[in-house]
Amino acid sequence: MRLFLHELRTEQVLFWRNREAAFFTFFLPVIFFLVFGSIYGNDRISGIRGAAFLEAGMIGYGVASTAFAGLAITMVIRRESGVLKRIRSTPLPPWTYLVSVLVSTFITFLIEAVILILLGRLLFSVGLPSRPLSLLAALVIGAAAFAALGLGLTGLVRSAEGSSAVVNFVYLPMAIISGTFFSPEKYPDFLRAIADVLPLTYFTKLTRDIVVSHDHIWSQGGAIAVVVVWGAIGLVAAIRGFRWQPREG
Amino acid sequence: MTAVVVTGLRKSYGEHEALKGIEFTINRGEVFGLLGPNGAGKTTTVEILEGYRNRDAGDVQVLDVDPQHSGSAWRERIGVMLQSSSLYPNLTVRESLRVFAGYYARPRGADEVIEIVELGEKADARVRTLSGGQQRRLDLGLALVGDPELVFLDEPTTGFDPGARRSAWQTIRNLRELGKTVLLTTHYLDEAAQLADRVAVLRGGVIVREGAPAELTGGVVETEIRYRRNGGEVVERTHEPTQRLQELTAEAIARGEELEELEVRRPTLEDVYLELTSE
């Protein structure tokens with residue numbers, strides 16, 4: 001427990017010290033919320049207010065940028081620079097390390113979601129979530145699934161230099177196609193077909209239904225199932241592909 | 001008291017035999033140099049000893065534990081400095097040491113380590129602002145912060161300028177005074193000669209020589225005798241320079257000649273090393 005708290009604190013310091021990464025993974029969804037919220041916050045999207053639609057969408061974008069993209073890039077850089085290998089030579093148990101990294105990522109994401117919800121309330125008059133526990137459960141499930149996918153992706157990235165290119169190539173189109181910014185209803189068929197299998201589509205829908213429609217999380221079995229299945233795929237990829245050592249030569 | 005015992009150690013990568021059955025022993029409190037050109041098998045050896053790689057055959061005991069079946073308690077007792085720098089650029093020197101100190105049950109204080117690796121002026125500087133040599137010294141500091149019994153240093157001064165190298169050498173000498181056992185790999189002969197109590201020379205996965213640096217020269221390379229005769233240079237190599245010189249000089253005196261430009265040269269450590277490691 002002492003080791004876990006020590007490493008958790010370390011991870012938080014490391015995240016906030018790295019300003020560039022903190023900007024892209026943490027602040028960008030907040031900035032997008034402010035920008036797009038002022039553009040179409042009062043329009044109606046899929047029958048709800050634009051600002052409310054966007055708030056849930058940016059929570060979805062936030063899970064993709066913190067738990068998926070940010071985590072994957074950080075872990076590839078640490079692997080290739082030898083930090084992970086170095087840590088394996090210390091008495092810190094590998095599981096304690098990984099759990100600390102994941103919990104730290106979740107804390108960051110949670111802070112981001114709270115900021116988005118407060119900004120939505122203060123600036124765009126979006127109501128506070130009426131089912132906070134359902135929302136918290138959804139955020140935990142989503143963060144876990146996307147973190148598993150992020151760790152799984154590290155096995156496919158060969159170099160630190162390539163990490164942000166590969167990760168952005170995956171996550172930016174995913175964020176847009178999954179309807180975090182716009183409703184996928186008006187998309188052409190092939191984009192909707194892609195959106196219909198992406199996990200972020202379902203996580204965003206889950207969050208939106210809880211925040212806007214006041215749904216209980218257990219009424220969203222289908223969406224949860226898709227997110228969990230994707231998380232399981234990520235977990236298998238992570239178990240098979242996650243490495244502590246940099247690529248040889 | 002031995003710190004490391006290696007017998008019959010073998011390791012292959014596919015077809016390539018990186019280690020072809022090597023043996024050596026490191027005593028406690030000793031600085032042991034593993035010397036050899038790139039690709040000789042130094043890093044493979046060290047990574048097996050550190051527990052990063054599994055061996056194909058042979059027996060390895062590091063602090064009386066097989067690294068292949070080691071745990072956190074064993075890792076409390078070793079310190080590792082990897083070949084490439086592996087640090088957090090946005091932490092300060094002191095923060096970095098505190099982070100790693102937190103992983104150990106009985107760490108050394110961050111300020112004490114800062115003193116050992118002579119980074120006092122940079123204690124509160126961010127790691128990314130340090131020079132290459134300073135980063136390596138911090139790297140060494142991270143290997144020492146757990147107060148280990150045995151320290152692995154994998155090519156600790158590669159890429160240093162001469163001044164930085166001398167200062168790193170002094171730091172490594174300080175380790176001996178702290179009573180640490182050190183396994184140092186290097187491809188610099190002078191580094192091994194300066195720092196190590198004993199040296200094993202590795203070439204192509206085989207230990208070709210082992211002993212104190214000064215002993216390496218003994219008996220390997222023949223002594224060279226050069227002189228000029230009838231305008232041409234004569235070079236002889238012999239294992240018995242005293243005997244041979246007596247013969248040469250006796251003959252020359254008998255002929256009433258001078259052995260012009262007579263030169264007797266004992267091989268330097270460098271010559272021995274080059275001879276041992278050349279293919």
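**Exercise 1.** How many residues of chain A are in contact with how many residues of chain B?

*Solution.* This is a predicted model, in which local features need pLDDT of at least 70, side-chain atom pairs count only at pLDDT 80 or more, and totals for chains, interfaces and linings use all residues. Residues are numbered from 1 along each chain as its sequence is written, and chains are lettered from A and ligands numbered from 1 in the order in which they are written.

Step 1. Apply the contact criterion: C-beta atoms, placed from the backbone, within 7 Å. By it, 17 residues of chain A touch 18 residues of chain B.

Step 2. On the chain A side, α1 (2-17) and α4 (83-88) are the elements giving two or more residues. Helices here are DSSP runs of H or I, at least four residues, and strands are runs of E, at least two, numbered from the N terminus.

Step 3. The largest share of that side, five residues, comes from α1(A).

**Exercise 2.** Describe the largest nonpolar core and the contacts of L183(B).

*Solution.* Step 1. A nonpolar core joins buried Ala, Val, Leu, Ile, Met, Phe, Trp, Tyr and Cys residues through C-beta atoms within 7 Å; buried means 20 or more other C-beta atoms within 10 Å of a residue's own.

Step 2. The largest such core has 129 residues, and A64(A) and L183(B) have the most contacts inside it. Helix α3 (residues 50-81) of chain A gives the most, 19 residues.

Step 3. Beyond neighbours within four places in sequence, the contacts of L183(B) include V4(B), F32(B) and F152(B).

**Exercise 3.** What share of the 279 residues of chain B counts as buried?

*Solution.* The share is 37%. Chain B has nine helices and twelve strands.

How values were computed. Buried ≥ 20, exposed ≤ 12 C-beta atoms within 10 Å, placed from the backbone. Contact = placed C-beta atoms within 7 Å.
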